[in-house]
Amino acid sequence: MATGRTHRPATRSRGIPEATVARLPLYLRALTALSERSVPTVSSEELAAAAGVNSAKLRKDFSYLGSYGTRGVGYDVEYLVYQISRELGLTQDWPVVIVGIGNLGAALANYGGFASRGFRVAALIDADPAMAGKPVAGMPVQHTDELEKIIEENGVSIGVIATPAGAAQQVSERLIAAGVTSILNFAPTVLSVPDGVDVRKVDLSIELQILAFHEQRKAGEEAAAAAGSATGAAEGQVTAEGPVAAATAAPSPTVRKGGPEGDVPAVMPA
């Protein structure tokens, strides 16, 4: 079986945009679920909804693969699974090393999705001598002193870094010097790598901060909507009481009068 050191996927040579490449795994996941349910064909609308994209974007993405579906029938599920898997390089064996076997590294080692998606965890590596030989996910952890030897013997081209931030750059340099050309970085730091090395960063804290931003924005919108409702209710009450009542009512500290620029809200939110 071929390894990651003997063959590279053809996406770049075929001119497939990076944005499309990033969506291909989403399509593959949705298609795999359909395949497991023995669904033979799927429309672009159904597949787009399952992948979380719009159907026009999906059809454009598939046009880069030379797949256009059949009018009135849709796309052949099994063929698309093969086509996308081939384009992503998943029809071959990709040996992977995971460096840093703390809580996160151990969780990654125990993830069962690697093997079913064309990735083989070739080794688990950690700098702590006390971890050497300790079984994790059925594999003995090896010391970082063996890193270069492990990469060479297994033909590894993909490395996963799950170390603390302070160690990540040095680890990446050793991986690259040993022949690794793609890195998945879970360490909360930005790696400096030479041209020709691909790095994908997964920062859970950043993702949570982005979600916090959206939660804060939604809360602000809800507060503004509630304040607007209160303003409308107060204005309606003045109108219902009539002009006499409005003229004789005691002034409220939250009421502002209109100025030269025209009317302003009668009740200002606190």
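Because the model is predicted, local features are reported at pLDDT of at least 70 and side-chain atom pairs at pLDDT 80 or more, while totals for chains, interfaces and linings use all residues. Residues are numbered from 1 along each chain as its sequence is written, and side-chain values rest on heavy atoms, with hydrogens and water left out.

The protein chain contains 9 helices and 9 strands, where helices (H or I, at least four residues) and strands (E, at least two) are DSSP runs numbered from the N terminus. Of its 270 residues, 33% are buried, a term that stands for under 20% relative accessible area with a 1.4 Å probe, counting protein chains only. The chain exposes about 16100 Å², of which carbon and sulfur atoms supply 57%, as calculated by the Shrake-Rupley method with a 1.4 Å probe. Among contacts (heavy atoms within 4.5 Å) between residues at least 6 apart in sequence, 57% join residues at least 24 apart.

Seven of the strands form an open sheet with mixed pairing, in the order β5-β6-β4-β3-β7-β8-β9; two strands are taken to pair if DSSP finds at least two bridges between them. Its edge strands are β5 (135–136) and β9 (198–201), each of which pairs on one side only. In general, strands of a sheet pair through backbone hydrogen bonds, either parallel or antiparallel. Strands β4 (residues 119–126) and β6 (residues 139–143) pair in the parallel sense over 3 bridges, and L124 has V141 in β6 as its bridge partner.

Two helices lie across strands of this sheet. Helix α7 (residues 147–154) lies across β3 (94–99), β4 and β6 and runs at about 165° to β4, whereas helix α8 (residues 165–177) lies across β3, β7 (158–161) and β8 (182–185) and runs at about 170° to β7. Such angles run from 0 to 180 degrees between N-to-C directions, and axes are lines fitted to C-alpha atoms, for helices over the stretch in contact.

Helix α1 (residues 18–36) packs against helix α2 (residues 44–51) at an angle of about 110°, with their axes 9 Å apart. The two helices are therefore roughly perpendicular to each other, the range for that term being 65 to 115 degrees. In this packing, L26, Y27, A30, L31 and L34 in α1 meet L47, A50 and A51 in α2. The axes of α1 and helix α4 (residues 77–88) come within 9 Å and cross at roughly 145°; the residues that meet there include V21, L24 and L28 in α1 and V77, L80 and I84 in α4.

Conventions:
Buried means under 20% relative accessible area, exposed over 50%, partly exposed in between (1.4 Å probe, protein chains only). Angles under 35 degrees count as roughly parallel, over 145 as roughly antiparallel, 65 to 115 as roughly perpendicular and the rest as oblique.
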